[in-house]
Amino acid sequence: MEKSAILGALMVQDRLIRLNIQMLEGILREIKADVEELSILAEACLSEEEYMRYRDIVLKVEADLLAKISEVIDHIYDIYEVFNFDITFLSTLPEELGREIERLDAVNSINSKLELIITIFEEILLIAEESPKMFAILTPFRVYKEVIRQSLEFNKKLNELSLQKTE
């Protein structure tokens with residue numbers, strides 16, 4: 001692998017790692033705010049039975065979704081620390097750095113974690129299909145799921161383009 005190809009792959013990996021961290025931190029903040037705002041809306045719009053079902057969804061969001069997103073953010077930060085250490089330690093050995101970038105496989109690691117988050121969103125949104133009102137109230141969660149799905153596809157595409165240039 002040429003030095004310029006390694007540098008390009010390095011820059012793509014760095015940016016993808018950072019963009020995914022920023023995206024997930026932003027979504028985490030928004031979901032926390034939405035839970036509070038949507039609870040007020042749900043209380044006003046839903047029947048008592050639907051509201052109790054909504055409260056179950058909120059518990060799942062807080063117990064599963066927020067915890068998983070936080071866990072994934074921590075995982076990505078760990079990847080980023082290793083990535084930065086490798087760059088510093090192996091910067092004078094481009095061939096070794098290239099192999100380490102491939103070994104670290106940051107994009108696929110991140111994408112596998114994003115898929116887990118999407119699965120939790122799907123479980124939550126499946127419950128929402130029971131009622132048109134619930135479906136409407138939980139619209140922000142469909143938006144976040146789609147943002148993460150698009151990010152996953154973007155990561156794959158950019159990684160493929162980056163790898164094609166290094167071959």
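Arg-142 is placed over the face of Phe-135, 3.6 Å from the ring centre; a charge is counted over a ring if NZ of Lys or CZ of Arg is within 6 Å of the ring centre and within 35 degrees of the ring normal. The model is predicted, with local features requiring pLDDT of at least 70 and side-chain atom pairs counted only at pLDDT 80 or more, whereas totals for chains, interfaces and linings use all residues. Residues are numbered from 1 along each chain as its sequence is written, and side-chain values use heavy atoms, with hydrogens and water left out.

The secondary structure consists of six helices and zero strands, in the order α-α-α-α-α-α along the sequence. Helices (H or I, at least four residues) and strands (E, at least two) are DSSP runs, numbered from the N terminus. The chain has 167 residues, of which 44% are buried; buried denotes under 20% relative accessible area, exposed over 50%, and partly exposed the range in between (1.4 Å probe, protein chains only). The accessible surface is about 9400 Å², and carbon and sulfur atoms account for 56% of this area. Accessible areas were computed by the Shrake-Rupley method with a 1.4 Å probe, and for residues only the protein chains shown count as cover. Among contacts (heavy atoms within 4.5 Å) between residues at least 6 apart in sequence, 82% join residues at least 24 apart.

Leu-66 is located in helix H2 (residues 48-90) and is buried, at 12% relative accessible area. Apart from neighbours within four places in sequence, Leu-66 contacts Leu-28, Ile-31, Lys-32 and Val-61. For Leu-66 and Ile-31, which are 35 residues apart along the chain, the C-alpha separation is 7.9 Å.

Three aromatic pairs were found under the criterion that rings of Phe, Tyr and Trp (its six-membered ring) have centres within 6.5 Å; planes under 30 degrees apart count as stacked, over 60 as edge-to-face and the rest as tilted. The pair of Phe-121 and Phe-141 is tilted, with 6.4 Å between centres and 50° between planes. Phe-121 belongs to helix H4 and Phe-141 to helix H6, so the pair ties together parts 20 residues apart in sequence. Both Phe-121 and Phe-141 are buried. Ring pairs also join Phe-121, Phe-141 and Tyr-144 into a cluster.

The whole structure contains nine salt bridges, each defined as a side-chain nitrogen of Lys or Arg within 4 Å of a carboxyl oxygen of Asp or Glu. Glu-122 and Lys-145 form one with an N to O distance of 3.9 Å. This pair links distant parts of the chain, with Glu-122 in helix H4 (residues 106-128) and Lys-145 in helix H6 (residues 139-166), 23 residues apart. Glu-122 is partly exposed at 39% relative accessible area, and Lys-145 is partly exposed at 22%.

Another salt bridge joins Arg-18 to Asp-14, whose closest N and O atoms are 3.2 Å apart. Arg-18 and Asp-14 are four residues apart in helix H1 (residues 3-45), and therefore separated by about one helical turn. Arg-18 is partly exposed, with a relative accessible area of 35%, whereas Asp-14 is buried at 8%. Within helix H6, Arg-149 and Glu-146 are three residues apart, again about one helical turn, and their side chains form a salt bridge at 2.5 Å, N to O. Arg-149 is partly exposed at 32% relative accessibility, and Glu-146 is partly exposed with a relative accessible area of 32%. Elsewhere, salt bridges with shared partners connect Asp-14, Arg-15 and Arg-18 in one network.
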